[in-house]
Structures are given as structure tokens and as C-alpha cells.
Amino acid sequence: MHDIKLDEHQHLTKKIRQDLRLSKIIAVSGPIGAGKTSFLKQLKQNIKQENETLVCKSLAIEKSKVKLSTLITALLYDLSQEETVKIPSNLEQSKKKLKKLMVQLNKPVVLFVDDAHDINKKTFIDLQVFIESLKDEGYVLSAVLAGQSDLLEKISDKSISYTLN
């Protein structure tokens, strides 16, 4: 774990951009008011401007009900170039559709999730397994999660974490 002060946002931004290439879950945690949401907003803008990585965002509000299928749906909506996005009802078909999109777009993908501390541990485990399976097949998907300090208790040891104070 790394302790990062708010005045070191540039260093943290650079470090996370490097971490995105690793196909990992990256957690940014800290207490309420530490600037996590503002930091994520700026990070997303920087990544979009570079135009090397595709940026997606989960808009789910009831985080305690979020499952892997919810996150894959967010990715499909954000990455799809179809005017009317058709989301398969079967999770396995959704995974295959996402892989096909990633091949077509030929860029790494990052999914941003704010207030992720409310997501249940099983969803984090499922996301980690999914990201690792994609990596094994040559795809690059990372997730940047922001949340309060208890987020760190839920994520895997294979994740990368930073703390805003």
C-alpha cells in the first residue's frame, strides 16, 4: 500500500497510468472528503486525452447489488459503437461479446467505479478472475475503484492500492 498526499496527484496519476497496462484492479481509498472522486474525474480526463486507453464507467447507484454482469454491461454500453446496444441475457455471451469488442477496438480498456467500498467481496473476486482470464488471452482490462478505507479489506492481494489522506 502507498500513502499519497493530495498534492502528489501528478505522481499518482502517472503511476496509475503505468499500472493500467498490468490488467489489474487498482484501488484508490481514503476517508470521506479526501478527494477520491475529484481525483478519478481528473484521471479519466487525462486518460481520455491521451487516447491510448478506452475509458468506461459504471453508473450503478446501488453498489451493494452490483455483480460482475453489471460491470460487464457497463463495459458493453460504453465500448459498443452500435446505436442500439444489445446486451446478451447470458453472462457467458456478454463476456464473449466484450472480448469481440476489445479485439475490434484494439486498445486497452479501463473501467472506473466510484464508491466501490459498497460492492460485495464476491463481485471483486469475480472481477479479478475475469480480468486475469482476459489477460491470459492477451486482452488488457483494468479497473480503477475508489472508495472508503474498507474497500482495501475486500480487494485481492493481487490488486494495487493507493490511499489519499
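Leu20 touches Ile26, Ile47, Val110, Val140, Ser142 and Val144, leaving aside residues up to four places away in sequence. Please bear in mind that we are looking at a predicted model. Leu20 sits in the loop between helix H1 (9-19) and strand S2. Is this residue buried or exposed? Leu20 is buried, because its relative accessible area is 6%, and buried means under 20%.

Let me contrast this with Glu92, a residue of helix H4. The relative accessible area of Glu92 is 43%, so this residue counts as partly exposed. Between the C-alpha atoms of Glu92 and Asn51 there are 29 Å, and the two residues are 41 apart along the chain. As for Leu20, a distance of 23 Å, C-alpha to C-alpha, separates this residue from Ser94, which is 74 residues away in sequence.

I turn now to the nonpolar cores. The largest comprises 31 residues, and Leu79, Leu98, Met102, Leu141 and Leu145 have the most contacts inside it. Which elements supply at least two residues each? They are strand S2 (25-29), helix H3 (68-79), helix H4 (91-105), strand S4 (109-113), helix H5 (121-136) and strand S5 (141-147). Helix H3 contributes the most to this core, with 7 residues.

Within this core, consider Leu79. Residues up to four places away in sequence aside, Leu79 touches Leu54, Cys56, Leu98, Leu101, Met102, Leu105 and Val109. There is also a second, separate core, which has 18 residues, including Leu12, Val110, Ile160 and Tyr162. Val110, then, belongs to this second core, and Val110 is also one of the residues that Leu20 touches.

How values were computed: Residues numbered from 1 in each chain as written. Predicted model: local features only at pLDDT ≥ 70, side-chain atom pairs only at ≥ 80, totals over all residues. Heavy atoms only, no water. Core = buried A, V, L, I, M, F, W, Y, C linked by side-chain atoms within 4.5 Å. Buried < 20%, exposed > 50% of the residue type's maximum accessible area, 1.4 Å probe, protein only. Helix = DSSP H or I, 4+ residues; strand = E, 2+ residues; numbered from the N terminus. Contact = heavy atoms within 4.5 Å.
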